[in-house]
Protein chains: 2
Amino acid sequence: MRFNDFRAGQVLHCGPMKVEQADIVGFARAYDPQWFHTDPIRARSSRWHGLIASGWHTCAIAMRLICEGPLKDSESIGSPGLAYLKWPAPVRPGDELHLEAEVISARPSSSGRTGVLNWRWKLLNQSKEIVLELEATSLFELSGAREDV
Amino acid sequence: MRFNDFRAGQVLHCGPMKVEQADIVGFARAYDPQWFHTDPIRARSSRWHGLIASGWHTCAIAMRLICEGPLKDSESIGSPGLAYLKWPAPVRPGDELHLEAEVISARPSSSGRTGVLNWRWKLLNQSKEIVLELEATSLFELSGAREDV
């Protein structure tokens, strides 16, 4: 999508993407090697009743879906941050995740050179449980200007 | 650290960790395949003046440092979310990152079974620029209880 195609109130749907146990363990070994992300046997007898994905892995999956969806062929140049982030339920091996992105606002910066998009992402599993919710700001390059980040 | 070792006002230091270009490109290809994370040549002539890491990769690096530091041998059982997250400056190939984690509060849940830690993470590069700042809640298992997440 192009920046000018975003409209407040739009709800964009992305995915689904299936999460494999090997991906959960692989990500966690690299970045978040806590036992409930890496050790299926220990995780089974824990309060989690099985392996769960790193919350950061869940975020990375959401980003992949956003890149393949709304940001594809866009003028995206990055993000300054998130207003909040929640991990209300865990992601488990075999989960099929899809993402709903609701546009809160889309407006040019005061210089007119940068598009500023505020949107709320909800990542849901196959039982429609929210596994990730966040509000992000994304920036878009609206001209050849190079110095107005 | 154990949950009982966290005290409001503590500042915990983690790292450093060096970020390689291959890691930046590898993470981005898997999860955030935008050209300014994957294509050093195109990135060079952009407003970013070179390749920058995915913000989610930056988060993952911070988590790795936290796992190797304060969460090592802790009773950590995960996190419900973040109050906010900022990416004030980009991470570039060759950067050496270290993390400062300031404890805001550490208290047991009303049941007494879960430790609730609120802390602010600041990830800084070798020039002491903040590349990531967030406020997280982390949970800790204080007894054999299994059902009070």
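Which residue of chain A comes closest to the rotation axis? I found that Tyr84(A) does, with its C-alpha at 2.2 Å from the axis. I note here, before going further, that the model is a predicted one, and that every value below is computed from it.

**Entry 1: symmetry.** I looked up how the two chains are related, and chain A is superposed on chain B by a rotation of 180 degrees with 0.0 Å of shift along the axis, at an RMSD of 0.0 Å. That is the relation of a two-fold axis. I then checked which surfaces take part: 100% of the interface residues of chain A are interface residues in chain B as well, so the copies meet through the same surface.

**Entry 2: extent of the interface.** I recorded 45 residues from chain A and 45 residues from chain B in the contact. Between them the chains bury about 3,600 Å², and 57% of that area lies on carbon and sulfur atoms. I also asked which three residues supply more of the area that chain A buries than any other three. They are Tyr31(A), Arg47(A) and Trp56(A), which together account for 26% of the area buried by chain A against chain B.

**Entry 3: polar links across the interface.** I counted two salt bridges between chain A and chain B, and I wrote down one of them, in which the side chains of Glu141(A) and Arg47(B) meet at 3.2 Å, N to O. The count of residue pairs in polar contact between the chains is 18, with both residues of a pair at pLDDT 80 or more.

Turning to the elements involved, I found that α1 (21-31), α2 (35-38), α4 (55-68), β2 (76-86), β4 (114-124) and β5 (130-141) of chain A each supply at least two residues of the side that touches chain B. The most comes from β2(A), which gives 11 residues to that side. By residue class, the side of chain A that touches chain B divides into 25 nonpolar, 10 polar and 10 charged residues.

**Entry 4: strand β2 at the chain boundary.** I followed β2(A) next, and it pairs in the antiparallel sense with strand β2 (residues 76-86) of chain B over four bridges. Within that pairing, Lys86(A) stands opposite Gly81(B), while Gly81(A) stands opposite Lys86(B). How many bridges join β2(A) to β5(A)? I found seven, with the two strands running antiparallel.

**Entry 5: layout of chain A.** I listed four helices and five strands in chain A, and read along the sequence they follow the pattern β-α-α-α-α-β-β-β-β. The C-alpha atoms of chain A fill a box of roughly 55 × 30 × 25 Å, taken along the principal axes.

**Entry 6: other strand pairs in chain A.** Strand β1 (residues 11-18) of chain A pairs in the antiparallel sense with strand β3 (residues 96-108) of chain A, over six bridges. In this pair I noted that Lys18(A) stands opposite Glu96(A). From β3(A) I went on to β4(A), and the two run antiparallel, joined by 10 bridges. Here Glu100(A) stands opposite Lys122(A) in β4(A). The hairpin of β3(A) and β4(A) has five residues between the strands, and in that hairpin Gly112(A) takes a positive phi near 80 degrees.

**Entry 7: backbone details to revisit.** I looked for cis peptide bonds and recorded one from Gly15(A) to Pro16(A), with omega near 10 degrees. Pro16(A) lies in strand β1 of chain A. In chain B, a cis peptide bond joins Gly15(B) and Pro16(B), with omega about 5 degrees, and Pro16(B) has its place in strand β1 (residues 11-18) of chain B.

Where does Asp73(A) lie in chain A? It lies in the loop between α4 and β2. I marked Asp73(A) for its positive phi of about 60 degrees, which it has although it is not a glycine.

Methods:
Residues are numbered from 1 along each chain as its sequence is written. Chains are lettered from A and ligands numbered from 1 in the order in which they are written. This is a predicted model: local features need pLDDT of at least 70, side-chain atom pairs count only at pLDDT 80 or more; totals for chains, interfaces and linings use all residues. Side-chain values use heavy atoms; hydrogens and water are left out. Copies are superposed by least squares on the C-alpha atoms of residues with pLDDT of at least 70 in both. Contact means heavy atoms within 4.5 Å. Buried area is the accessible area (1.4 Å probe) that two parts lose on being put together, summed over both. A salt bridge is a side-chain nitrogen of Lys or Arg within 4 Å of a carboxyl oxygen of Asp or Glu. A polar contact is a pair of N or O atoms within 3.5 Å; within protein, one must be able to donate a hydrogen and the other to accept it, and residues adjacent in sequence count only if both atoms are side-chain atoms. Ala, Val, Leu, Ile, Met, Phe, Trp, Tyr, Cys and Pro count as nonpolar, Asp, Glu, Lys and Arg as charged, and the others, Gly among them, as polar. Two strands pair if DSSP finds at least two bridges between them.
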